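Have the model open and follow along.

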Amino acid sequence: MLTHPVDDRLRRWIARHRRVFALTGAGCSTASGISDYRDEQGEWKRRPPVMIQAFRTQEGVYRRYWARAYAGWPRFTSALPNDAHRAFAAWESAGTLVQLVTQNVDRLHQRAGSRAVLDLHGRLDVVVCLGCGERTSRADLQRAIAAANPSWRAEAAAAPDGDADVEESIIESFTAPHCARCGHLLKPDVVFFGENVPGERYAYACAALAGADAMLVAGSSLMVYSGFRFVRVAREAGLPIAIINRGRTRADDLADLKIEGEVGSTLIDAVATLA
Ligand SMILES: [Zn+2]
């Protein structure tokens, strides 16, 4: 675990700005036990996440997704907010953080008390039917899956999208869920790889960014374009940009301030003097 040296640059950067737009990523949730997709060089640490086309068209991919998601759900939902989430909530209360946009789908920012949060990539606790569009609770679906798989057991580590490594032979015996109303495929209400962020969601975030006087990126390598493009927009608008991340990011050369470190410990100290 890296410990960040005493560094006043971030505290002074935060104190200088009145309307900050923040973008957060998986690095904010790692201390809550939700593991990051990528290592410090931006490479995949585990197998890459499911692509939407394969999920829609290949029965085996669909079954594997839901088997792993089902197995990983208890651990995913037991995760608690950490200092990173608490720091953003405190900063918002202090009045100079105006919009938080997160790439995380775990709702931990909201559970820590943040209100102005946009879930850029959706939320894992809601399920949507790809046929009739019905939205249901993931917790309810978890119970339905358990009822349909009474003797099925899987234990594994949680991944960022809530799935887990499960043996292939076990996956074959898993009964995947379908919509109770129309029988079509079900998908968590998150943006899969190969999908775009919904246009109105992106527009909402852009409007917030247009009203900001600075941008902070925390815990994201920005390898996913849907996050990186906000940095480009901010840069084109001439906004100061700060980044807190362990490891390099795609925008290091666009930032005015780069803090190499763990988000929670770095940010909790920096916002402590605001209130
Ligand atoms: Zn349906």
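## A walk around the chain

S151 sits in the loop that joins α6 (138–148) to α7 (168–172); helices here are DSSP runs of H or I with at least four residues, strands are runs of E with at least two, and both are numbered from the N terminus. With a relative accessibility of 69%, S151 counts as exposed. The cut-offs are these: buried is under 20% relative accessible area, exposed is over 50%, and partly exposed is in between, using a 1.4 Å probe and protein chains only. From S151 to F174, 23 residues apart along the chain, the C-alpha atoms are separated by 9.6 Å.

Before going further, a word on what you're looking at. This is a predicted model, where local features need pLDDT of at least 70 and side-chain atom pairs count only at pLDDT 80 or more, while totals for chains, interfaces and linings use all residues. Residues are numbered from 1 along each chain as its sequence is written, and side-chain values use heavy atoms, with hydrogens and water left out.

**The whole chain.** The protein chain has 10 helices and nine strands. Of its 275 residues, 51% are buried. Take the contacts with a separation of 6 or more: residues 24 or more positions apart account for 72% of them, contact meaning heavy atoms within 4.5 Å.

**The zinc site.** Which residues hold the zinc ion? C129, C132, C179 and C182 coordinate the zinc ion, each through its SG atom, at 2.3 Å. Donors are N, O and S atoms within 2.8 Å of the metal (3.2 Å for Na, K and Ca), and since water is not among the atoms, sites may look incomplete. Along the sequence, the zinc donors follow the spacing C-x2-C-x46-C-x2-C. The arrangement is tetrahedral because the four donor atoms subtend angles of 97 to 118° around the zinc ion. For four donors, that label requires all angles to lie between 85 and 135 degrees.

Now move to the loop between β6 (186–190) and α8, where you'll find G194. E195 lies in that loop between β6 and α8 too. G194 is exposed, with a relative accessible area of 63%, while E195 is partly exposed at 27%. Setting aside residues up to four places away in sequence, G194 touches M51 and I52. With its neighbours within four places left out, E195 is in contact with I52, K187 and V190.

**C-alpha pairs.** Some pairs that are separated in sequence have these C-alpha distances:

| Pair | Separation along the chain | C-alpha distance |
|---|---|---|
| R12 and V271 | 259 residues | 9.8 Å |
| G194 and A54 | 140 residues | 9.7 Å |
| E195 and H121 | 74 residues | 9.8 Å |

R12, from the table, belongs to helix α1 (residues 9–16) and is partly exposed, at 41% relative accessibility.

**α8 against α9.** Two packed helices are described by the angle between their axes and the distance between the axes. Helix α8 (residues 199–210) and helix α9 (residues 225–236) have axes that come within 11 Å and cross at roughly 35°. Axes are lines fitted to C-alpha atoms, for helices over the stretch in contact, with angles from 0 to 180 degrees between N-to-C directions. On the α8 side, Y202, A205, C206 and L209 make the contact, and on the α9 side it is R229, F230, V233 and A234. By type, the residues of this contact between α8 and α9 are seven nonpolar, no polar and one charged.

**Positive phi.** R107, in the loop between β2 (97–102) and α5 (108–111), has a phi of about 65° and is partly exposed, with a relative accessible area of 22%. And L222? Its phi is positive at about 60°, and L222 lies in the loop between β7 (214–218) and α9. Buried or exposed, where does L222 fall? L222 counts as buried, at 1% relative accessibility.

Technical notes. Ala, Val, Leu, Ile, Met, Phe, Trp, Tyr, Cys and Pro count as nonpolar, Asp, Glu, Lys and Arg as charged, and the others, Gly among them, as polar. Four donors count as tetrahedral if all angles lie between 85 and 135 degrees; four count as square planar and six as octahedral if opposite donors are over 155 degrees apart and all others between 65 and 115; anything else is irregular.
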